[in-house]
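Visitor: Could we go through this model together? I would like to start with the core.

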Amino acid sequence: MKSTLDLDDQIPVAPLYEAVTESIRITVLPKFIPENSNVETSNYYYAYTITMTNEGRATVQLMKRHWEIKNGFGDFETVDGEGVVGEKPILAPGESYSYTSACPLDTPTGSMKGYYTFKNPSGKSLKIKIPEFQLRDKSLLN
């Protein structure tokens with residue numbers, strides 16, 4: 001796990017999570033969205049930006065996603081679907097694709113992890129790990 005830094009005060013502002021599988025790098029930057037959250041009703045809203053980079057030699061296409069979402073009590077749900085944000089991006093060698101999505105939670109903390117299914121030119125499926133990332137904000141932990 002790495003951290004991005006706010007150069008003004010040298011304090012980490014948000015963790016950056018990363019994994020590489022089959023020459024595809026996945027990075028995740030989660031962020032708490034207070035304006036969409038309501039602490040009084042236990043509704044917490046987190047956005048996450050994912051960047052996928054093809055570091056391999058062959059063009060690949062994202063076909064499916066699988067998520068495991070866990071709240072602060074350890075309860076979890078799985079979500080499966082086609083593509084991401086309505087798209088099935090094609091990544092040539094060296095290309096990247098980024099998108100932002102969101103996850104509501106009923107606890108102030110939680111985590112997400114999963115995998116993408118990509119297809120290579122020969123039609124072989126590649127299971128690409130999405131690293132587990134934490135959904136938490138220091139303002140909620142006081």
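Guide: A nonpolar core here is a set of buried Ala, Val, Leu, Ile, Met, Phe, Trp, Tyr and Cys residues joined through side-chain atoms within 4.5 Å. Please note that the model is predicted.

Visitor: Which residues of the largest nonpolar core touch the most other members?

Guide: They are I50, M52, W67, Y116 and F118, in a core of 29 residues. Two or more residues of this core come from each of β3, β4 (44-54), β5 (60-71), β8 (96-105), β9 (110-119) and β10 (125-135).

Visitor: What is M52 in contact with, leaving aside its neighbours within four places in sequence?

Guide: Its partners include Y116 and F118, together with R25, I26, L62 and L91. E95, S96, Y97 and Y99 are also in contact with M52.

Visitor: Is S23 buried, partly exposed or exposed?

Guide: S23 counts as partly exposed because its relative accessibility is 35%, between the 20% and 50% cut-offs.

Visitor: And what is the phi of V85?

Guide: That phi is positive as well, near 40°. V85 is placed in the loop between β6 (76-82) and β7 (90-91), and is partly exposed, with a relative accessible area of 46%.

Visitor: Last topic: what is the mean pLDDT of the protein?

Guide: The mean is 90, and 89% of residues reach 70 or more. Over residues 1-12, however, pLDDT stays under 50. The model has 17 contacts beyond four places in sequence for that stretch.

Methods. Residues are numbered from 1 along each chain as its sequence is written. This is a predicted model: local features need pLDDT of at least 70, side-chain atom pairs count only at pLDDT 80 or more; totals for chains, interfaces and linings use all residues. Side-chain values use heavy atoms; hydrogens and water are left out. Buried means under 20% relative accessible area, exposed over 50%, partly exposed in between (1.4 Å probe, protein chains only). Helices (H or I, at least four residues) and strands (E, at least two) are DSSP runs, numbered from the N terminus. pLDDT is the predictor's confidence in each residue, from 0 to 100. Contact means heavy atoms within 4.5 Å.
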